[in-house]
Amino acid sequence: MKFQAIKGVRDILPPESALWNRVEQAARDVFGTFGFAEIRLPIFEQTELFARSVGQETDIVSKEMYSFQDHDSSISLRPEATASVVRAYIEHGMQTLPGNVKLYYMGPMFRRERPQKGRYRQFYQIGAEVLGPSDAPGIDAEVIEMLLAFFERLQLKGAVLNINSIGDKNCRPAYVELLRAELQKVREQLGADSQRRIDTNPLRVLDSKLEHEQAIIEKLPHIADHLCAECRAHYDEVKRQLALRGITYQENWRLVRGLDYYMRTTFEITAPGLGSQNAVCGGGRYDGLVELLGGQATTKGIGFAIGTDRLLLSLQESGAGEVEGGLDVYLAWFGAAAQTAAIKLARRLRDAGFVVELPAVEMKFGKSLGLADRLKARHAVILGEDELAAGVVAVKNLADGTQNKLAEQDLFSYLRASHASD
Ligand code: AMP
């Protein structure tokens, strides 16, 4: 029997894994400078946590979760991580910490979606959340600024920020009813999914990508015209705060996001090179979520989740996905005495940060140097009995074929200098 990875799930192999590491390290660096610290979360939680927070009627909970029975409780692989962050925030009494708590996470999420380019059943997210007493619009803007700073660090090109406000519990219900009433009038012209959503979640109809529904949706009432004074003021201030940071954006009244817990600010970032799955990041404010999950009603929240798989695809498509690396030195040795010296030299080179391949067994000269070539080593360092006797090493630059004899103490500076000029 030949085993294969499950449909929609994939291995991330070298050298691509080096790009993953670079992306994750950039997130740690950039988020760290904004005062965010990492939270490491479990991969599975009680099913009820997601049903309550993400929403029973969402596609994610109603048909995409991997759930299983564990004795007498139902458990699910996490389809997203905001619910877990909020659960942890409440469980560990983090509301007693000073100011707003700023956390980031990264790791796999699981949704049983139809696999295609940029859409997998095990996919990865890098996300951040701000939880605490303040819902100041400056927080929304700073979270978005951090996100864009991260994309800039990675030299992601062509990212477009879309923003919207979807109101709160004071103004949204009336808008949703209005939307439902308007949708009822055109029910027969809509597809099955949208028809179902008129009853379950009319806002989600605005998300529809179905060609024939577009003209109908464009005529529906805009939430911007139905925000209460507080939500309107909040949204206006978010936009002013973005402008203070020199951030450009598009307002998109149809950006409602698929998860139930969002309110007020929602945002999404699209990137080129991804086909139809072009959203690399989604986020928004979720002020009621902490209370919904049993925490204090006064705790506010905002966050985002970046689709790491898609971010990498976009970086690779635009040519920003190259990662420096590879083998610095292939240390060819010939004879038992040279092996002893090579083992020690390899260690000193590695301690100095060079990437070294040391053959485990002796090979003929041609075969050994051939392997160095195939491994794409920058240099072959050759240590035979003659070199040993003379107290030198031979260094061959494998790109241009030039060869030098150097005293061992000069080898390090030689390698460093040639590395720097690469
Ligand atoms: P969401 O948690 O649905 O708001 O999604 C946030 C981001 O995660 C999206 O913008 C995508 O970039 C990414 N994402 C969501 N679902 C998938 C999936 N099945 N495969 C790959 N990336 C995904």
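Which of the 16 residues around the ligand come nearest? They are R111, E113, Y120, R257 and A279, where a residue counts as near if one of its heavy atoms lies within 4 Å of the molecule. Before we go on, keep in mind that this is a predicted model, in which local features need pLDDT of at least 70, side-chain atom pairs count only at pLDDT 80 or more, and totals for chains, interfaces and linings use all residues. Residues are numbered from 1 along each chain as its sequence is written, and side-chain values use heavy atoms, leaving out hydrogens and water.

A nitrogen atom of the ligand has a polar side-chain atom of E113 at 2.7 Å. A polar backbone atom of Y120 is 2.8 Å from a ligand nitrogen, and an N or O atom in the side chain of Q125 sits 3.0 Å from a ligand oxygen. On its own, the ligand would expose 490 Å², and the protein buries 92% of that (areas from the Shrake-Rupley method with a 1.4 Å probe).

So where does the shell around the ligand come from? β6 (122–132), β10 (279–285) and β11 (300–307) each give two or more residues, and β10 has the largest share, with 4. Strands here are DSSP runs of E with at least two residues, while helices are runs of H or I with at least four, numbered from the N terminus.

Now for the rings. A pair of aromatic rings is described by the distance of the centres and the angle of the planes. Searching the whole structure turns up 10 aromatic pairs; rings of Phe, Tyr and Trp (its six-membered ring) pair if their centres lie within 6.5 Å, and edge-to-face means planes over 60 degrees apart.

F31 is in helix α1 and Y104 in strand β5 (residues 101–110), 73 residues apart. Ring pairs link F31, Y104, F150, F151 and F304 into a cluster.

Finally, back to Y120: R10 lies over the face of its ring, 4.1 Å from the ring centre. For a charge to count as over a ring, NZ of Lys or CZ of Arg must be within 6 Å of the ring centre and within 35 degrees of the ring normal.

Definitions and conventions:
Polar contact = N/O pair within 3.5 Å; in protein donor to acceptor, adjacent residues only side chain to side chain. Phe/Tyr/Trp six-rings, centres within 6.5 Å; stacked < 30°, edge-to-face > 60°.
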